[in-house]
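This report describes a single protein chain, from selected residues to the overall fold. Please consult the sequence and the structure shown below while reading.

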Amino acid sequence: MSKAAKLGAGASFGQTQTISARRAAINANTSAPTEGAPPPVKLSVDVISLNPDNPRSELGDLTDLSASLRDHGQKTAISIMGRFAYLEGNPGREGDLEPDTKYVVIDGNSRLAASREAGLTEIKVMLDDGLGSNPDEILESALVANIHRQDLDHLDEAKALDQLLKVHGTQEALAARLHRSQGWVSQRLALLTLTPELKQRLQSGEESAALLRRVGKKKAEEQEEHLQLLKEKEAQEAADKKARAELRAASNRQQQAQTPPAENPPSEKPSRPMPNPAPSPDHYAVIKRSVSDETVGGDLPKPRDEAGSVGRLPSRDPEVLSELIIAELDVPTRRRLTELLVDYKTVETKRMRAEQA
């Protein structure tokens, strides 16, 4: 079966399954399909009426939305229901619908209006007559869709909630229906008790909804004063938070200034140890040799007399020889030798005491 056969003639939907005789008669008289629609499909923007019960009191500036639909296309289909199904649940609203339309938009009022403003001739739709059988269900369907997008005007949202509250009876029941908390419902309903001046400042964006929801729970004559107290409290909390942040930053800077830099900061790769320099020729020289090359036993210089001739060793006594050798040294070498002898004597003394113990 072709797509045209499935959809039927004209702009309306066709039928893809068996329907009741009553529904067939409705379709024949109204050309409004209510069953068997294969969503989403495209319909002419002229056959869909804006919803007179939409939660939005005003559509606002549609310039940006119109440009987006024109340049980038429609990403999400709007939700509609048949005109006859709408009037079944909303008797007496015939005059509120746009003439010569066959459907009513439930979710997508702004997109439908923006499409018309952009000069588009068609729009993607999803048909669902189960969106509401009475005004309250239709309002609830539209409200839920707007809440999920979080772009509904604050006062319009509060008005819709107030209307639904009359249907569900309690804030708890309404919250459960909307899958929200009772506090969420209560805070939004509080906006309806604001003074006209505060409502106007809310609409203009001069005051935040978060603050005014708390103000709305006060008596009318106390609201302005309470608002100022809340704003002063917020300003003080912000100032305290900023001061704490600056104090922490100053403390961190002071600690960094007091911490001395590392003398040898670790490098990513260990450096190779520098080789020891080669010792100089006289590095191990302790005893200064005599000018003469003549030595005794190849080690010690022979003693010389006053005339400078080489003589015999005056003694074999080690102490006498040590004094003789030391006398031949220059002052720095003599001092160094003395230190070595003292260190050696200290070590020997400790060794001997250890052996005796």
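## Leucine 227 in helix H12

Leucine 227 counts as buried because its relative accessibility is 0%, where buried denotes under 20% relative accessible area, exposed over 50%, and partly exposed in between (1.4 Å probe, protein chains only). The residue is located in helix H12 (residues 220-258); helices (H or I, at least four residues) and strands (E, at least two) are DSSP runs numbered from the N terminus. Beyond its neighbours within four places in sequence, leucine 227 is in contact with Leu198, Arg201, Glu207, Leu211, Leu212 and Val215, contact being defined as heavy atoms within 4.5 Å. Leucine 227 and arginine 214 are separated by 13 residues in sequence and by 8.4 Å in space, C-alpha to C-alpha.

## Basis of the model

The model is predicted: local features need pLDDT of at least 70, side-chain atom pairs count only at pLDDT 80 or more, and totals for chains, interfaces and linings use all residues. Residues are numbered from 1 along each chain as its sequence is written, and side-chain values use heavy atoms, with hydrogens and water left out.

## Overall composition

The chain contains 14 helices and seven strands. Of its 357 residues, 30% count as buried. Among contacts between residues at least 6 apart in sequence, 65% join residues at least 24 apart.

## The largest nonpolar core

The largest nonpolar core has 13 residues, of which Ile48, Ile78, Ile80 and Val125 touch the most other members. Such a core is a set of buried Ala, Val, Leu, Ile, Met, Phe, Trp, Tyr and Cys residues joined through side-chain atoms within 4.5 Å. Two or more residues each are supplied by strands S1 (41-44), S3 (78-82), S4 (103-107) and S5 (122-127). The largest share, three residues, comes from S5.

## Packing of H3 against H5

Helix H3 (residues 63-72) packs against helix H5 (residues 109-117) at an angle of about 75°, with the axes 8 Å apart. H3 is therefore roughly perpendicular to H5, a class that covers angles of 65 to 115 degrees. Axes are lines fitted to C-alpha atoms, for helices over the stretch in contact, and angles run from 0 to 180 degrees between N-to-C directions. The contact involves Thr63, Leu65, Ser66 and Leu69 of H3 together with Ser110, Arg111, Ala114, Ser115 and Glu117 of H5.

Glutamate 117, in helix H5, touches Leu62, Thr63 and Ser66, not counting residues up to four places away in sequence. The C-alpha atoms of glutamate 117 and serine 66 are 6.4 Å apart, although 51 residues separate them along the chain.

## Arginine 188

Arginine 188 lies in helix H9 (residues 182-189) and, at 12% relative accessibility, counts as buried. Its side chain reaches the backbone oxygen of tryptophan 184 at 3.2 Å. Leaving out residues up to four places away in sequence, arginine 188 touches Glu157, Ala158, Leu161 and Arg213.

## Positive phi values

Most residues other than glycine have a negative phi. Aspartate 100, by contrast, has a positive phi near 65°; this residue is in the loop between helix H4 (83-89) and S4 and is exposed, with a relative accessible area of 73%. Histidine 179 likewise has a positive phi, of about 60°. Histidine 179 is in the loop between helix H8 (171-178) and H9, and its relative accessible area of 72% makes it exposed.

How values were computed. Parallel < 35°, antiparallel > 145°, perpendicular 65-115°, else oblique. Polar contact = N/O pair within 3.5 Å; in protein donor to acceptor, adjacent residues only side chain to side chain.
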